[in-house]
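Please work through the two exercises below with the sequence and the model at hand. Each task is followed by a solution in steps.

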Amino acid sequence: MIVCGLLCLISPRLITQIYTTDPELIRMTEPLVRLCALLCLFDGTQQAMVNVLRGAMDVFVPTVCQGVSFLVFMLPLIHVLAFKSGLGVTGMVYGQIAACAAAAVFLIVRFVYLCRRYAKVGF
């Protein structure tokens, strides 16, 4: 995901031109593609962590962590950033980045907790 994020950061115009030839749309979406660099990093981290936890036979808590991150945290944040503060689509992307980062943190904390518990009592 680091490579994907770097690609979004370094060449947003190239990525945007894959999907459209409209110069106005390209101009409008370039900053959003740059923001997607962060989204790639945090989303990739939370997806990797949820799969690591599934491998450790932990399914319920990671599902709750992601549910809280996306339903309880992201949706209100997007409402505030996109509509109340007037950031529009950029606010939506910021909300997604924050939710993915929160999910990644929750899942990493859960992983550390399980590792410490397994170190004490075993599997």
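The model is predicted, so local features need pLDDT of at least 70, side-chain atom pairs count only at pLDDT 80 or more, and totals for chains, interfaces and linings use all residues. Residues are numbered from 1 along each chain as its sequence is written, and side-chain values use heavy atoms, with hydrogens and water left out.

**Exercise 1.** Determine which element gives the most to the nonpolar patch.

Solution. 
1. Patch members have over 30% relative accessible area and no salt bridge, and nonpolar side chains (Val, Leu, Ile, Met, Phe, Trp, Tyr) are joined within 5 Å. A salt bridge is a side-chain nitrogen of Lys or Arg within 4 Å of a carboxyl oxygen of Asp or Glu.
2. F60, V64, V68, L71, V72, L75, V105, F106 and V109 make a nonpolar surface patch of about 860 Å².
3. Two or more residues come from each of α4 (60–84) and α5 (89–121).
4. With six residues, α4 gives the most.

**Exercise 2.** Determine how many disulfides the model holds.

Solution. 
1. The criterion is a pair of cysteine sulfur atoms within 2.5 Å.
2. The sulfur of C65 lies 14 Å from the closest cysteine sulfur, in C100, which is too far for a bond.
3. For C115, the nearest cysteine sulfur is that of C65, 15 Å away, and C115 is in no disulfide.
4. The count is therefore zero disulfides.
5. C65 is buried, at 13% relative accessibility, whereas C115 is partly exposed, at 35%.

Conventions. Patch = residues over 30% accessible without salt bridge, like charges linked within 9 Å, V, L, I, M, F, W, Y side chains within 5 Å. Areas by Shrake-Rupley, 256 points an atom, 1.4 Å probe, with all protein chains shown as cover. Helix = DSSP H or I, 4+ residues; strand = E, 2+ residues; numbered from the N terminus. Buried < 20%, exposed > 50% of the residue type's maximum accessible area, 1.4 Å probe, protein only.
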